[in-house]
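Subject: Handover of a structure and notes on its contents

Dear colleague,

My notes on it follow.

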Amino acid sequence: MWANKDPSQRLSGAGNIFIKNLRKEVDTKNLHDLFSPFGNILSCKIASNKNFDSLGYGFVHYEDPKMAEKAITIMNGAIIEGEKIQVEQFVPQVDRINGAKKTFTGIFVRNIPARMSEERLKEIFTRFGEVQNAVIRNIKGYAAAFVGFVNFTNHQSALKAIKEMKKEKVEGLVVCRAMNKFESIPKAVGHQGFMLYICKLATRIDETRLCGAFSSFGRVLSTKILRNDKGRSRGIGFVSFGSVESAVNAMNEMNGKKLENQTIHVSIANKSREKPTPTPTQNQSSRPISNETRESATKKNGHYCSVEETVEHLRELILEW
């Protein structure tokens with residue numbers, strides 16, 4: 001918990017350090033005890049998964065940035081519970097992403113023909129600069145879908161390749177910057193894979209066609225087209241990917257592009273979009289609704305509602321619940 005409620009100090013990141021290679025047995029209290037001798041700690045946390053198991057890294061935020069520097073100097077490389085830990089200045093995610101954009105050397109390639117070899121892929125890109133390696137991967141579950149990654153020895157070569165390939169379209173290849181592990185999808189969609197929201201779809205596009213349009217970016221877990229009561233497409237769909245990189249690349253490349261002669265809009269799915277308004281026939285949850293919830297659903301502003309108002313109010317309660 002925060003001991004200092006000043007948001008400017010809390011959000012600035014000054015005095016915040018990152019500790020990794022921690023053994024699973026090290027908890028937040030242990031971490032606090034290890035780093036408290038260096039100064040007053042505003043916040044201390046061990047990152048954990050949904051089962052509250054340690055992920056092996058944590059954060060300590062000092063009131064005085066000088067104390068953070070001292071902790072880094074002394075604790076970096078220390079052996080804790082048999083493991084050599086790493087302690088460094090915490091770098092906000094937005095800075096890591098911006099830094100990656102300025103220094104990247106890898107590019108992502110899609111629409112690779114099945115006949116193309118890795119040697120041919122490397123040959124295509126060597127004219128832009130020295131290529132360290134080039135690999136081609138088949139997208140699991142799609143025999144004819146291939147993507148690739150090309151890694152250059154320097155940033156300028158990668159920039160040149162992206163710029164020139166967008167003009168030339170050699171053998172139909174489409175390229176963009178390869179995303180790194182820090183460029184994650186917002187948590188709002190993390191619990192349902194890495195999901196994209198697509199609107200302005202042609203009404204003739206179904207789940208199969210939607211999957212085909214996006215499968216070249218990576219493994220597609222599921223696709224969904226929203227339909228009206230008559231089963232007709234509402235022009236809205238969702239695509240869930242198995243990885244962050246696939247979803248981000250797909251969004252960057254497909255947003256504003258034409259799909260079956262209609263320009264589509266692609267963005268990160270948010271919580272409200274993922275949960276279409278339920279109908280009375282849908283099974284909302286396996287958890288039972290308490291008597292208090294039922295009573296609340298039949299009242300509004302202290303008065304009992306009509307059946308229609310009760311149903312609508314119950315929907316709101318379930319979505320909040």
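Which residues do ring pairs link into a cluster? The cluster consists of Phe18, Tyr57, Phe59 and Phe90. Please bear in mind throughout that the model is predicted.

Aromatic pairs

The structure contains 10 aromatic pairs. In one of them, Phe18 and Phe59 have ring centres 5.5 Å apart and planes at 45°, so the pair is tilted. This pair links distant parts of the chain, since Phe18 belongs to strand E1 (residues 16–20) and Phe59 to strand E3 (residues 54–62), 41 residues apart. Phe18 has a relative accessibility of 17% and therefore counts as buried, the limit being under 20%. Phe59, with a relative accessible area of 23%, is partly exposed.

A further aromatic pair is formed by Phe108 and Phe149; it is tilted, with 5.3 Å from centre to centre and 55° between the planes. Phe108 is located in strand E7 (residues 106–110) and Phe149 in strand E9 (residues 146–152), so the pair ties together parts that are 41 residues apart in sequence. Phe108 counts as buried because its relative accessibility is 2%, whereas Phe149, at 35%, counts as partly exposed.

A charge over a ring

The charged end of Arg177 sits over the ring of Phe104, at 5.7 Å from the ring centre.

The surroundings of Thr223

Thr223 is part of strand E12, which comprises residues 220–227. Its side chain reaches the backbone oxygen of Glu207 at 3.2 Å. Leaving aside residues up to four places away in sequence, Thr223 touches Glu207, Leu210, Cys211, Phe238 and Val239.

Confidence

The protein chain has a mean pLDDT of 75, and 69% of its residues reach 70 or more. Within the chain, confidence is highest in helix H5 (residues 118–125), with a mean of 92, and lowest in strand E16 (residues 303–304), with a mean of 39. The pLDDT is below 50 over residues 184–192, a stretch that has 18 contacts in the model beyond near neighbours in sequence. It is also below 50 over residues 272–321, where the model has 46 contacts beyond near neighbours in sequence.

Yours sincerely

Notes: Residues numbered from 1 in each chain as written. Predicted model: local features only at pLDDT ≥ 70, side-chain atom pairs only at ≥ 80, totals over all residues. Heavy atoms only, no water. Helix = DSSP H or I, 4+ residues; strand = E, 2+ residues; numbered from the N terminus. Polar contact = N/O pair within 3.5 Å; in protein donor to acceptor, adjacent residues only side chain to side chain. Contact = heavy atoms within 4.5 Å. Phe/Tyr/Trp six-rings, centres within 6.5 Å; stacked < 30°, edge-to-face > 60°. Buried < 20%, exposed > 50% of the residue type's maximum accessible area, 1.4 Å probe, protein only. Lys NZ or Arg CZ within 6 Å of the ring centre and 35° of its normal. pLDDT = per-residue confidence, 0-100.
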